[in-house]
Amino acid sequence: MELGKMASRRNEPTYLAWSIFNTFCCCLPLGIAAIIYSCRVNNANSLGDAGKAQESSRIAKNLNIASLVFGLIGVIMVIVMLVIQSSNM
């Protein structure tokens, strides 16, 4: 019975690699928060707490999306400012 229970248990994705990438390349504060929630997912998966793992995984994913969007907006703003600056010379 215990084996069947373990086989049916689904681990939620942690998004840890994406969180680390976003921390270094996109948006530091949101990336750090995403890493924290990714670690919570890992802990909840280890303990078999599916509800907490699912919630933390959803939050980590949303934080990663927000971090990526802010990072892309920042890159676009820098490019636009560089183009405007070079056209004024």
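Tyr15 is partly exposed in this predicted model, with a relative accessible area of 24%, and Trp18 has the same label at 25%; the label covers values between buried (under 20%) and exposed (over 50%), with a 1.4 Å probe and protein chains only. Local features here need pLDDT of at least 70 and side-chain atom pairs 80 or more, while totals for chains, interfaces and linings use all residues. Residues are numbered from 1 along each chain as its sequence is written, and side-chain values use heavy atoms, without hydrogens and water.

One aromatic pair is counted. Tyr15 and Trp18 form this edge-to-face pair, at 6.0 Å centre to centre and 65 degrees between the planes; pairing requires ring centres of Phe, Tyr or Trp (its six-membered ring) within 6.5 Å, with planes under 30 degrees apart called stacked, over 60 edge-to-face and the rest tilted.

Turning to the helices (DSSP runs of H or I, at least four residues, numbered from the N terminus), the axes of helix 2 (residues 16-25) and helix 4 (residues 50-87) come within 10 Å and cross at roughly 30 degrees. Axes are lines fitted to C-alpha atoms over the stretch in contact, and angles run from 0 to 180 degrees between N-to-C directions. Helix 2 and helix 4 are therefore roughly parallel, a term for angles under 35 degrees, with over 145 being roughly antiparallel, 65 to 115 roughly perpendicular and the rest oblique. Trp18, Ser19 and Asn22 of helix 2 meet helix 4 at Lys61, Asn64, Ile65, Ser67 and Leu68, where contact means heavy atoms within 4.5 Å.

Notes. Helix = DSSP H or I, 4+ residues; strand = E, 2+ residues; numbered from the N terminus.
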